[in-house]
Amino acid sequence: MASAFDGLAARTGVTSIARFSAGLAIAVERGTPLVDVLHAQAADVRELSRRELIEVGGRKEVAMMLPVVFLILPITVVFAFFPGFVGLHLTSGT
C-alpha cells in the first residue's frame, strides 16, 4: 500500500497530494488512526489555501489602488476646489 501511495505522489507531481499520500502511507505502516491523519492533512491544505489567497489579495490590492489614486482622487479634488476657485475670481472683481 505504501508503494501505491508513493506511485500516486510520483505520477501527479502535486505537492499537496504528495504530502497526503506520504502521510497516509506512514499512518498505515505505523498503525495510527487515519482520522487524525486526515484531519491534520485537511487543516494543512486549508491553511495553505488561505495563505495563498491572502498573498494574492495583497498583490492585487496595490493594483486596485492605482485607478483610485490616479483617476478618482484627482477628479474628486477638482470637484472640491473648482467652485471655490470660481468664487474667488467672482469676488475679486477682475
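Biologist: Which helix is Ser-21 in?

Modeller: Helices here are DSSP runs of H or I with at least four residues, strands are E runs of at least two, and both are numbered from the N terminus. Ser-21 sits in helix α2, which covers residues 15-30. Bear in mind that this is a predicted model: local features need pLDDT of at least 70, side-chain atom pairs count only at pLDDT 80 or more, and totals for chains, interfaces and linings use all residues. Residues are numbered from 1 along each chain as its sequence is written, and side-chain values use heavy atoms, with hydrogens and water left out.

Biologist: Is Ser-21 buried or exposed?

Modeller: Buried means under 20% relative accessible area, exposed means over 50%, and partly exposed is in between (1.4 Å probe, protein chains only). Ser-21 has 1% relative accessibility, so it counts as buried. Across the protein chain, buried residues make up 11% of the 94 residues.

Biologist: What is Ser-21 in contact with, leaving aside its neighbours within four places in sequence?

Modeller: Contact means heavy atoms within 4.5 Å. With those neighbours set aside, Ser-21 touches Phe-5, Leu-8 and Ala-9.

Biologist: How many helices and strands does the protein chain have?

Modeller: You get 3 helices and 0 strands, and the pattern along the sequence reads α-α-α. Helix α3 takes in residues 34-92.

Biologist: What radius of gyration does the protein chain have?

Modeller: That radius is taken over C-alpha atoms, and the globule rule is 2.2 Å times the number of residues to the power 0.38. A compact globule of 94 residues would come out near 12 Å, but this chain has 29 Å. Its C-alpha atoms fill a box of roughly 95 × 25 × 10 Å along the principal axes.

Biologist: How many salt bridges turn up in the whole structure?

Modeller: The test is a side-chain nitrogen of Lys or Arg within 4 Å of a carboxyl oxygen of Asp or Glu. The search finds 1. Arg-50 pairs with Glu-47, their closest N and O atoms being 3.3 Å apart. Both lie in helix α3, 3 residues apart, about one turn of the helix. Arg-50 is partly exposed because its relative accessible area is 44%; Glu-47, at 33%, is partly exposed too.
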